[in-house]
Amino acid sequence: MILRSLFLLISVFSVIGAAAEESATPNDTAKFLAGMPVRGTPLEALSREHAWVTHATEFDRAWQALDARQLSKIRAWAPEFLSDGYTAKDPMFYFFSGPDILYAQAFFPNASTYVLAGLEPVGAPPDIVHLPPGAMFSSLANLRKSLNSVLSFSFFITKDMKVDLHQNQLSGTLPILYVFLARAGCRVESAELVWLDKTGEVGTTKSSTGGVNVVFFGPGGAQQTLYYFQTDLSNDGIKSQPGFISFCDHLGRGRSLLKAASYLPHHGGFTTARDFLLSHSATIVQDDSGIPIKNFDSAKWAVRYFGSYPGPISLFKQNYQADLATVYNHSHAPALPFGFGYRWHARESSLFVATPQMLPRNENPPNPTSVPAN
């Protein structure tokens, strides 16, 4: 009797899996992983499992808290203080990002193309229906674990990501990208694994720099493109695999974000990536872990400061910037209504917005009230 019941159960899930495999779309999968309703889709039956109901309940709670604490406040802040940068459709560069499309979209929701890069693996397009029997609960639980730090603190903890993104069936950054896009109100149209050759051309033939191309429609209905590449952004890494920087160069001038970047742009071994952003950005939004303030020549850049600068957390205390502290002491920087970077309490966070003093004709001039960097 037990064996017969087990056989019938396996048969039922086989039918469910076959139907889902036949017609589940990337958007269905993204909503399922995000704990959002999938009624009327081939994944509806799977969403009745206890593992998914638990996942959806916990994720709803975490997301509501995140939106109230962070995202809603960024959505209110960015249009005022990023001005044309907020509405621009320029490409958006987010180096050292991992899969954090969430904050890229929050600050720059209208970008035509998002380019994210980090050392985290891409993984494969999530395959819900082929999860091994009994793996649903652990897979969804580990997905929530992967997202815990960014939902709680606004940044990924790199050492944890190295473990989390390798240890379960939903591996790599792509499931996380799916979750963030779905929760941001986007509709995922397609996801394709891609590779870059050394000239920066995108193709589907495997080469040294792998990534993913996700096409989606934003909340406003516009089609947008997201690229995430697994690549080493050190000088040596770029020298050995120049395809990523060449790809970015082909896109031209864009808007840039640096957040919780492990202070890598401070180091001499990352000058190529740093200089690229300085020469290809019409706006740079960053915390103190991004490009050192000394690299923003006041003759070339206008910088507006927000929040406060208590210095780096103890892990990165060697990256204290005395010149930045001086600027904050004299700039009367407006308070930030949200946390940003490693100092994730709003009252301790620093954020600054840099715009070039000389912009191409199709760009608006920088805000005349900007505080120049020293």
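Mentor: Let's start with a pair: helix 3 (residues 50–81) and helix 8 (residues 174–183) pack at an angle of about 65°, with their axes 13 Å apart. Helices here are DSSP runs of H or I, at least four residues, numbered from the N terminus; axes are lines fitted to C-alpha atoms over the stretch in contact, and angles run from 0 to 180 degrees between N-to-C directions. It's a predicted model, where local features need pLDDT of at least 70, side-chain atom pairs count only at pLDDT 80 or more, and totals for chains, interfaces and linings use all residues. Residues are numbered from 1 along each chain as its sequence is written, and side-chain values use heavy atoms, leaving out hydrogens and water.

Trainee: Which residues in helix 8 does helix 3 meet?

Mentor: Contact means heavy atoms within 4.5 Å. From helix 3, the partners are Phe 59, Asp 60 and Trp 63. In helix 8 they meet Val 179, Phe 180 and Arg 183.

Trainee: How many residues of helix 2 are buried?

Mentor: Buried means under 20% relative accessible area, with a 1.4 Å probe and protein chains only. Helix 2 covers residues 26–33, and its buried residues include Asn 27, Asp 28 and Phe 32. Helix 2 is mostly covered, and of its eight residues the buried count is six.

Trainee: What percentage of the chain do buried residues make up?

Mentor: The chain comes to 12 helices and 10 strands, a strand being an E run of at least two residues. Of its 374 residues, the buried share is 53%.

Note on methods: Buried < 20%, exposed > 50% of the residue type's maximum accessible area, 1.4 Å probe, protein only.
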